[in-house]
Every structure is written in C-alpha cells, then in structure tokens.
Amino acid sequence: MITTLSLLFSRPSSVSIPGKINGVVKCVASPSAEKTAYKTKVSRNENLAKLQAGYLFPEPRIGDTTEPIPEVITSAMSKRSYALSTVDGYSGYGAEQGEKVSNDLHSFLVWSYSLSPPYPISVLSSRLVCLFAPHVEQLRAAIASTYYADLGIEEDDIFVSDGAKSDISRLQVLFGSNVTMAVQDPSYPAYVDSSVILGQTGQFQKDVEKYGNIEYMRCTPENGFFPDLSTVRRTDIIFFCSPNNPTGYAASREQLTRLVQFAKENGSIIVYDSAYAMYVSDDSPRSIFEIPGAKEVALEVSSFSKYAGFTGVRLGWTAIPKDLLYSDGFPLAKDFNRIVCTCFNGASNIAQAGGLACVSAEGIKAMHEVVGFYKENTAIIVDTFESLGFKVYGGKNAPYVWVHFPGRSSWDVFSEILEKTHVVTTPGSGFGPGGEGFVRVSAFGHRENVLEACRRFKQLYK
Amino acid sequence: MYKSLSFAFMPCKTILQPRASIKTQDNENVTSYRTKVARNPTMERLQYNYLFPEISAREAQHVKKYPNAKVISLGIGDTTEPLPDVVALSMANYAHGLATPTGYRGYGAEQGSKELRKAIAETFYKDMGIQDTEVFVSDGAQCDISRLQLLFGSNMSIAVQDPIFPAYIDSSVIIGQTGDVETESGRYQNIEYMKCGPQNSFFPDLSKTARTDIIFFCSPNNPTGHAASWEQLEQVVRFAQENGSIIVYDSAYAVYITDGSPRSIYEIPGAKKVAIEVSSFSKIAGFTGVRLGWTVVPKELMYSNGFPVINDFNRIVCTCFNGASRIAQAGGLASLSKEGFKAVISLVDYYKENAEILLETFKSLGLRAYGGVNAPYLWVHFPGSNSWDVFNEILEKTHIITVPGSGFGPAGKEFIRVTAFGHRENILQASDRLTSLLK
C-alpha cells in the first residue's frame with residue numbers, strides 16, 4: 001500500500017493532490033468528451049470548478065484512529081443492534097437532533113444493560129418496566145452534562161450528528177453564500193473547501209495559494225500559533241479549531257478571551273471546533289463556552305471520532321447557545337434545527353447508543369485511556385524529532401506533531417520521508433500557505449508501528 | 001431571550017399549512033446582544049416548519065390532550081417491524097468486532113465499502129450496466145437530496161411533481177434556487193410544479209411542463225403511491241433528453257411494486273445519460289433509524305461543458321460527508337445476502353398486506369383511495385375539503401394520525417396520506433375506527 005502511494009504522488013508546485021487510490025474516479029478535470037457523446041444542457045456548478053484538484057486526504061486515511069473501541073462502548077452498540085430485532089427494542093426514525101429514548105425502549109435498554117446484581121424488574125403485559133435507571137440517559141442531555149456542565153449549555157442546545165465534517169457543511173448551508181469567513185492558516189481543509197462549494201469565496205489565487213474573499217489568519221511559531229487579531233479583517237464567520245489540527249496548538253484562556261472580544265466587537269460568529277479537546281494536557285480551555293460572553297458569539301462543533309475511535313462509526317455534535325442571534329434577533333439555533341430536520345435524518349441509532357455508553361462513567365474512563373494511549377504515541381514522536389534537532393510544535397494538547405523544516409517545500413519533505421522511510425505524513429501546505437515548511441505527523445497508530453516509524457526517522461535524519 | 005419567543009399556529013385556508021409565526025417581544029430584545037451576521041435570506045423564505053416534525057408536534061399535543069387515548073400513527077412513514085435476525089446480528093457482530101484488533105476499522109471510504117457498493121449494483125441494477133463505482137453509499141435519501149442540491153448550486157431551476165415528498169422543495173429553497181412563496185397558490189417562484197392527480201392518472205402532462213435544469217421524479221410516488229409505467233418513464237427520459245435536463249429519480253419504494261412497473265429509471269434506454277437515482281434502505285430493510293441509502297451517478301452523465309457529474313458528486317461526498325456508519329453498512333450488506341434479502345422482502349410484504357387492508361376499508365366506505373398497490377402509502381380523496389380540517393377531524397374523533405395532503409404541495413389539498421406501516425393489530429384497529437367514523 002505504501003509503495004502504491006509513492007507511485008501516485010506527483011510533486012506539484014501548487015497544492016494539488018491526486019484523488020483517491022481505491023479505484024474511484026479521480027478528482028481532476030476530465031479529458032474532453034468525444035464529440036458525439038451526449039451532454040445535458042445543465043451548467044456545471046462554478047463553485048465546484050473553483051476547487052483545487054483533490055480533497056487533501058486520499059487513502060489510506062491519515063489522522064485515522066487505529067486502536068479498538070473500548071468494550072463498554074461496543075457492547076452497547078451490539079446490544080442496540082440486537083434490540084432492533086425485537087418488538088420492544090425496535091425503533092425507527094429518531095429525532096433528527098438526537099435520541100430521546102422512548103419509554104419502551106428506555107425500559108428495554110435498562111433491562112439489557114443491567115450488569116450488576118439485577119435491579120427489581122416487573123413485567124407488565126408485554127413490556128419490561130425497570131424501576132431503576134442507573135446510567136441510561138438521553139444522549140443530548142448526557143453530552144451537555146459531560147462536556148458543558150456549569151457552562152450554561154443545555155440538552156436542547158445540542159444537535160447530535162454523524163460527525164464534524166458533515167456538521168461543518170450543514171453549518172455552511174445554514175450561513176448561505178453571502179457570508180464572509182476567516183480561517184486559521186494552516187487549518188483543516190473542510191472549512192475552506194465547504195466555503196468554496198457554498199459560493200462564499202472567489203477564485204483560487206495560485207500565487208498566494210489562497211481563495212479570494214477568505215480571510216486567512218496566519219498561525220506560525222513567530223506569533224505562538226495564535227493570530228494577530230489586530231491585523232485580521234472583520235468577517236461574518238470565524239472558524240477556529242483548538243486544540244488545532246494540524247499545528248496541535250491549544251489556545252490559552254487569555255487568547256480565547258481576546259478572540260471572543262474580537263468577535264463581539266465585530267459582531268462575528270465563531271465556529272469553534274473542539275474535536276481534540278480531550279487531548280488537552282494543561283489548563284487550556286476545552287470549550288469556547290468557558291470564556292465569558294462566548295454564548296453570544298460562538299457555536300461549537302465536536303466529535304467522538306478521536307475520543308472513542310468512532311471514525312468509522314460516525315457520531316459527533318454541534319452546540320448552539322440560545323443566546324446566539326442573527327442581526328435581526330433571530331436565534332441561529334432555530335434555523336440550524338430547520339436545516340437538521342430537512343437536510344439530515346439523524347445519526348445512526350446504533351452509533352447513538354455507542355455515544356451514550358461513551359459518556360457513561362465507565363465510558364468516559366475508557367475514552368481517557370484511548371486518548372492517553374495516543375498521547376503517549378505523540379510524546380514518543382515529539383521526543384524523536386526533538387532529539388534529531390528539529391523544532392517541533394504541538395504534540396502536547398493534540399495527537400498531531402507539527403515539525404518544522406525551514407526553507408524546504410513541505411511536499412518535498414513529505415516525498416522524501418515517504419520514499420526513504422515508507423512512513424506517511426501530511427505536507428503542511430495541504431492545510432494552507434501557512435503550512436509551508438512544515439510536515440504534520442499524526443500520533444494515531446499501533447505502538448509498535450509508531451516506534452518503528454521513529455526508528456526510521458532517526459535513521460533518515462541522524 | 002429565546003424563552004421570550006412565542007409561537008402562534010394559524011391555520012389558514014390559503015396557505016398550505018399552519019404558519020409558525022415568531023413574535024418577539026420588543027422590550028426584552030432591546031438589551032440582548034445580537035451579532036452583525038445577517039440571517040440567510042433563503043432560510044427566511046421557508047414558510048413553515050418541515051412537514052414531519054410538524055406532524056410529530058401535533059401528535060404530541062394530541063397525546064397531551066387525551067392521555068388515555070391509544071393513538072395510532074398512520075402519519076409519518078416510519079417502519080415498525082423489528083429487523084430480521086440475520087441483519088441485526090450482522091450489525092451486533094460488527095460492533096463487537098470493533099473492540100478487537102483484527103475487527104477494528106477506522107475511516108471508511110466516503111463512497112462506501114466496496115462490497116456494499118457491489119452488492120447494491122448487483123441486487124438492484126443487474127443487467128442495467130451500473131457499476132459499483134457509480135454507487136455512492138450514504139446515510140439516507142434525505143441527506144443525499146441535500147448533497148445533490150449542494151452539487152447543483154443555486155443557479156438551477158427545478159421541476160417537482162405536485163404533490164411530493166417535501167425535501168426536494170425545501171432543500172431547493174434553502175440552497176437558493178427559488179423565489180418567494182406565492183401566498184395564494186402556496187407555490188415557490190421559480191419551481192415548476194408538475195401537477196399529478198386523478199384527472200391525469202398521477203402522471204404529469206409533460207407537454208405543459210416548462211424546461212428546467214433538474215427534474216425530481218419519485219416513483220413509486222410518495223405520497224400518491226403511483227408507480228409510473230414503462231411508457232411514462234420513457235416519456236420522462238425523452239423529455240429530459242430533448243431539454244438537456246437531469247432527472248433525479250427517487251426509487252426508495254421500488255421494492256413495493258406489485259404490477260411490473262419499472263423499479264429503476266435505468267430500465268429505460270438512454271437514462272444513464274440523463275438521470276441520477278437515489279434510494280434508501282429505510283423502507284426496504286426498516287433502516288429508518290439505522291441510516292443507510294445510496295445514490296447512483298452514471299459515468300456518462302455530463303454537464304453542458306462535458307464535465308462528468310460523477311466527479312463533482314464524488315468531491316461533494318469527500319468534502320461534506322465522511323461515509324455512512326460502518327455498522328449500518330454491515331447491516332446493509334447482510335440485508336442484501338440471500339437470506340437477508342428474503343427476510344427483508346417478507347417484511348415489505350407484511351406492509352403491503354397492511355396496505356391492502358386499508359384499501360379495502362376505504363373502498364368499503366365509498367372513498368376514492370389511490371396508491372396502496374405499489375407503495376406503502378394510500379392517497380385518499382376527500383373532494384371539496386381542506387386536508388388540514390380532515391386531518392384534525394380524523395385525529396380528534398379516531399385518534400389516528402395521518403398526513404394532510406397539502407403538506408406535500410398545493411395539489412394535495414383535498415387528500416390525506418395514510419401510511420401502511422404499523423403492527424397488524426394497529427392497522428386492523430385503525431380500520432375499525434375509520435369505518436365507525438366515516439360510515
């Protein structure tokens with residue numbers, strides 16, 4: 001697989017990557033069709049034409065979790081799957097915003113979850129009614145109480161989804177084409193790409209490697225990976241990811257306070273991506289809502305992908321405070337609710353059952369172990385590159401290590417590492433022009449693979 | 001601040017369905033902070049709540065009013081029967097495997113697992129020349145419709161059947177393809193409504209239909225239950241060819257077909273050059289909560305500049321989506337196995353028997369009930385009535401939830417949609433109650 005990768009990667013001067021390797025049609029402009037081939041009279045959406053070739057992450061998926069999901073979580077999903085084959089356990093459409101467990105299902109699940117000495121159960125007609133409900137709660141309420149306790153975010157502010165990537169696009173559909181946006185530079189490509197698709201941007205400018213009409217907030221070692229807000233133009237929306245993918249930097253309380261202030265002064269909305277919050281090791285904020293005033297200017301997106309290995313299971317959420325209002329006073333949450341009801345049909349009920357187990361006491365402990373394992377990987381990688389004399393960033397509050405190769409093209413470094421060590425990393429410029437000169441090394445992997453990769457790095461750069 | 005908003009439901013004969021109006025109390029707003037971000041004007045254009053949450057809300061209200069009544073829902077088209085063991089077990093086992101080193105899987109291909117794509121192509125598109133690489137697995141048709149709208153963008157014109165499943169229209173409004181709604185007719189400007197009623201046997205008169213870029217066509221139809229014939233679909237394909245339009249064909253109910261009508265648009269020659277097909281495991285396998293569907297985009301389908309539509313759809317899928325849940329996909333694969341497919345089809349047959357019972361009931365009452373033969377929906381005509389009034393009366397007097405026809409478009413005004421999903425005993429009881437009320 002690794003060798004196949006090296007055959008497929010070209011070394012472009014601009015940020016373009018071939019499409020997926022697994023046999024699916026490549027995302028590049030097609031050769032002209034034969035003269036006689038029928039064409040419809042439907043014009044191609046010009047926004048799609050603006051996109052640079054290929055989404056950044058072809059197979060194999062880099063930034064993909066590798067360790068098995070804790071059993072407390074998978075057994076909840078198994079049980080729910082099995083329950084779907086029973087009369088009392090079957091459920092159809094769920095609420096699009098996330099599960100509200102019905103009385104019957106609730107009862108059945110509590111009965112089936114009872115692992116300790118059996119709780120008193122009485123059977124009434126064909127239904128099982130349990131008199132004790134230790135840890136079965138609604139998922140939205142559970143997410144609110146787990147991640148936003150004392151932050152004033154409530155159950156009905158939480159919208160459960162099939163993951164942050166889908167949520168980002170649904171948020172873009174919500175915002176529409178007439179909004180301006182700011183992103184960190186470098187940043188996770190989905191914010192920019194979805195913005196292009198929605199028609200918020202101008203053309204890609206090859207000389208600066210930026211799309212017109214997007215405000216890129218540079219984050220570099222020089223500014224401690226936090227943008228100089230005094231040089232940032234006002235935009236309607238500000239995408240902010242912390243802990244950051246790809247740099248690994250977690251913004252401090254003081255920095256986020258300034259960000260919230262900036263948003264407030266400009267009347268902007270922050271879309272805060274906290275997908276890596278559980279990786280925070282120091283006292284950096286885990287949620288934007290820890291900052292006073294944030295509920296009037298921010299919404300938050302998160303995911304179970306990197307906490308519970310749910311990259312294939314698909315579960316995440318978006319929290320939208322009631323106080324977040326458009327300029328005419330209309331609450332954002334109402335419109336997002338409408339989007340969710342019309343453009344979505346809920347996350348899989350089995351995934352949601354898994355989510356509920358994730359935020360149980362035992363599940364939270366298990367997620368911390370998974371996160372802890374990847375953090376140990378990160379430490380090994382940081383150590384390796386530091387010992388080789390590299391300037392290394394991130395790695396403390398996120399499963400990503402941002403390694404600096406001053407003066408070198410990140411694509412060249414990526415290719416060199418790939419060819420000489422067969423280790424797949426991600427070239428920094430794939431995350432924006434601010435990523436040039438850096439390579440992102442992700443800490444997901446079996447321990448022996450991470451150790452082996454580090455051995456090979458030492459060989460290459462000794 | 002949010003708590004100060006109040007909602008008023010105003011049933012109005014000229015508007016399709018009650019309009020939720022948001023009255024803000026000025027004195028409370030003065031001190032509340034507002035961002036300077038303008039609300040998306042397309043969202044403002046939407047006149048009312050999405051139909052199905054509205055129905056749910058009505059049901060909840062009714063249950064509150066009559067806590068002892070046994071409400072029977074023949075409203076939202078939600079499957080009720082448990083999954084076959086083989087399907088449920090495949091998902092239980094897959095989930096269990098995720099806890100093991102050999103069974104764990106992370107991100108899947110956004111387009112879906114190769115095995116499932118192959119199985120879908122082989123099960124539903126045998127001999128139609130559709131390859132696995134043209135099948136995109138999703139988390140359901142409702143999501144796919146919106147992703148298709150993202151693909152098309154705001155500069156498209158669409159045509160829809162009238163009446164129709166509301167997601168096509170609503171997603172079109174949201175993405176900015178339409179103008180405002182015309183209060184009198186209840187129609188959005190810039191949408192071509194293709195009226196389908198008893199007078200034209202539920203197939204639109206294409207000679208009277210203006211050209212649009214996209215034609216949404218659902219067959220078997222939700223809500224009317226009509227399955228277009230081969231000749232009719234040939235007409236649609238020819239119409240699309242002549243106009244250079246793209247058909248988005250929704251075949252979610254194809255497995256309910258009884259009378260040999262086409263199950264896929266690709267049965268029609270030439271369709272691969274003009275049509276996208278969307279379908280779902282929801283009503284095939286009871287996956288309404290599990291979430292799994294697919295969209296077929298043939299390689300030959302091209303934009304006016306020769307660019308293959310599949311390339312752009314693939315990009316949308318890679319950027320705006322991250323694949324259907326692997327557990328759901330495992331269940332999908334099991335439902336297409338020999339044993340699994342036999343089991344899910346027997347559930348489809350169960351719902352079809354429900355439909356027969358309901359059809360008999362309405363027939364015996366002298367009412368014109370359409371559909372129910374090729375789809376799990378009955379489309380019952382109450383001439384001269386307002387469907388919301390009929391909905392309310394049925395609900396009040398028999399505690400049965402249905403769906404008022406005008407929720408599906410202006411042409412649904414005199415109709416009620418009754419679904420055939422439900423436990424047999426509930427269907428029988430509903431029939432008894434309806435007989436008592438309407439005799």
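1. Helices (H or I, at least four residues) and strands (E, at least two) are DSSP runs, numbered from the N terminus. Please keep in mind that this is a predicted model, in which local features need pLDDT of at least 70, side-chain atom pairs count only at pLDDT 80 or more, and totals for chains, interfaces and linings use all residues. Residues are numbered from 1 along each chain as its sequence is written, chains are lettered from A and ligands numbered from 1 in the order in which they are written, and side-chain values use heavy atoms, with hydrogens and water left out.

2. Chain B has another cis bond for you to look at, from Asn222(B) to Pro223(B), with omega near 20°. Pro223(B) belongs to the loop between strand S9 (214-218) and H8 of chain B.

3. In chain A, have a look at Glu209(A), where phi is near 60°, a positive value in a residue other than glycine. Glu209(A) is in the loop between strand S5 (204-205) and strand S6 (210-211) of chain A. As background, most residues other than glycine have a negative phi, and most peptide bonds are trans.

4. Now to the interface. Contact (heavy atoms within 4.5 Å) involves 105 residues from chain A and 106 from chain B. The two chains bury about 8,900 Å² between them, 59% of it on carbon and sulfur atoms; buried area is the accessible area (1.4 Å probe) that two parts lose on being put together, summed over both. Tyr33(B), Tyr107(B) and Arg315(B) supply 10% of the area that chain B buries against chain A, more than any other three residues.

5. Five salt bridges link chain B and chain A, counting a side-chain nitrogen of Lys or Arg within 4 Å of a carboxyl oxygen of Asp or Glu. One to inspect pairs Arg39(B) with Asp335(A), whose closest N and O atoms are 2.7 Å apart.

6. Finally, a helix pair: the axes of H3 (residues 71-83) of chain A and H4 (residues 85-97) of chain B come within 8 Å and cross at roughly 180°. Axes are lines fitted to C-alpha atoms, for helices over the stretch in contact, and angles run from 0 to 180 degrees between N-to-C directions. H3(A) is therefore roughly antiparallel to H4(B) (an angle over 145 degrees). Among the residues that meet there are Met77(A) and Tyr82(A) in H3(A), and Met91(B) and His96(B) in H4(B).

Note on methods:
Parallel < 35°, antiparallel > 145°, perpendicular 65-115°, else oblique.
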